[in-house]
Amino acid sequence: MLREVYLDNNATTMVDREVMEVMEDYFCKYYGNPNSLHDFGTKTHKPLRKAFDQLYAGINAREEDDIIITSCATESNNWVLKGIYFDEVLKNGKNHIITTQVEHPAISSTCAFLEDLGVEVTYLPVNDKANIDVNSLREAIRPNTALVSIMWANNETGVIFPIKEIGEICKERGILFHTDAVQAIGKLKVDVQDINVDFLSFSAHKFHGPKGIGGLYIKKGVELTPLFHGGEHMHGRRSGTLNVPYIIGMGKAMELANNYLDYEENKIRELRDRLENELIKMGDVMVIGKDTQRVPNTILASIRGIEGEAMLWDLNKAGIGASTGSACASEDLEANPVMSAIGADKELAHTAVRLSLSRFTTSEDIDYTINALDKAIKRLRSISSSY
């Protein structure tokens with residue numbers, strides 16, 4: 001019997017029904033503009049305050065810090081990099097940015113855009129464990145370095161980067177630090193007081209909130225030129241009418257994500273490890289970052305002799321949703337960039353399959369997936385010209 005199993009949670013997640021419930025009234029019942037002075041607008045103020053309290057508590061931000069609502073983490077990431085261009089490159093002549101070779105396209109593509117404007121970008125390599133060496137960061141810093149932007153957890157491998165050490169290095173050298181925390185929230189304890197970070201991006205749809213809403217944490221006292229102008233929304237930092245139902249949903253999703261952290265660390269890790277170990281038993285399978293600290297839900301595996309897209313086709317026919325990497329680059333049939341970055345040979349770099357679980361993944365889902373993977377591997381290898 002065909003079963004539907006969703007294992008592409010690093011691309012997006014199902015909206016939690018508790019999140020839907022708190023959003024519902026703010027579409028048709030309490031639909032006023034929060035900036036309006038009449039009751040239709042002011043009735044949204046209390047639930048919005050609650051949502052912001054949930055967001056601040058969720059990452060342990062201080063009251064004097066800013067959490068600015070954006071449309072998504074892609075916007076947040078673009079804002080930081082392009083804002084730094086105006087604030088540091090043009091004004092102060094600091095025209096160097098440091099990032100990594102394995103960032104999300106929202107970072108890497110924006111860096112490429114800035115390079116066309118004359119910004120110098122250093123892309124730190126990753127080692128064979130798909131992690132970075134903080135010494136390479138130290139060596140890359142220059143007197144004109146304006147920003148370090150390194151993700152908290154990689155969206156493809158799940159590998160957790162040494163964010164606390166990176167923050168300490170940036171603090172010592174007086175350099176602004178941004179982290180894309182999209183894949184960390186809901187999987188790890190994210191505490192901005194525990195790390196030296198000036199900017200932190202997140203997106204609700206990665207932790208069972210709605211799509212099209214995200215945020216940017218900005219530490220107290222840090223300036224960032226706005227990308228949007230035309231109103232005094234969000235203290236003038238990001239113009240545009242607030243998306244009330246989605247903000248309320250994101251606040252609830254953040255609260256739930258933190259409530260489920262122990263479940264993620266224990267039950268989801270247990271399910272992930274069982275799936276991973278059974279996959280490895282099928283032979284000639286390499287899990288990227290297996291011996292490195294990773295978030296509990298993610299597997300990036302290379303299955304020798306099988307193109308990643310062919311595996312996705314077989315899994316999809318079995319009712320299983322997976323991916324070959326970032327959904328934002330899913331139409332690009334180039335070799336997986338993480339595989340290339342760790343030095344995998346060209347053949348192996350095309351065989352990556354990403355499986356990412358959520359708190360809604362069941363033991364029965366994993367049993368079904370193990371069986372489907374076994375059948376797919378046997379079938380595809382039997383017709384492979386390279387195996």
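What follows takes the helix, then the salt bridges. The model is predicted.

Start with helix H6, residues 105-116. Which residues of H6 are buried? They are Ala106, Ile107, Thr110, Cys111 and Leu114. These cover an arc of only 125° around the axis, so they sit on the same side of H6. Their cover includes helix H5 (73-92) and strand S3 (96-100). Strands S4 (120-124), S5 (145-149) and S6 (176-180) also contribute. Just after H6, glycine 118 has a positive phi of about 100°.

Now the charged pairs. The model holds 22 salt bridges. One of them joins aspartate 16 to arginine 359, with the closest N and O atoms 2.8 Å apart. The partners are 343 residues apart. Aspartate 16 lies in the loop between strand S1 and helix H1. Arginine 359 lies in the loop between strand S12 and helix H14. Aspartate 16 counts as buried because its relative accessibility is 6%. Arginine 359, at 9%, is buried too.

Glutamate 18 pairs with lysine 252 at 4.0 Å between the closest N and O atoms. Glutamate 18 is in helix H1 and lysine 252 in helix H9, so the bridge ties together parts 234 residues apart in sequence. Here glutamate 18 is partly exposed at 36% relative accessibility, whereas lysine 252 is buried at 18%. Glu18 and Lys252 also belong to a salt-bridge network with Glu255.

Key: Residues are numbered from 1 along each chain as its sequence is written. This is a predicted model: local features need pLDDT of at least 70, side-chain atom pairs count only at pLDDT 80 or more; totals for chains, interfaces and linings use all residues. Side-chain values use heavy atoms; hydrogens and water are left out. Helices (H or I, at least four residues) and strands (E, at least two) are DSSP runs, numbered from the N terminus. The expected span of a helix is 1.5 Å times one less than its number of residues. Buried means under 20% relative accessible area, exposed over 50%, partly exposed in between (1.4 Å probe, protein chains only). The arc is that of the directions from the helix axis to the C-beta atoms. Contact means heavy atoms within 4.5 Å. A salt bridge is a side-chain nitrogen of Lys or Arg within 4 Å of a carboxyl oxygen of Asp or Glu.
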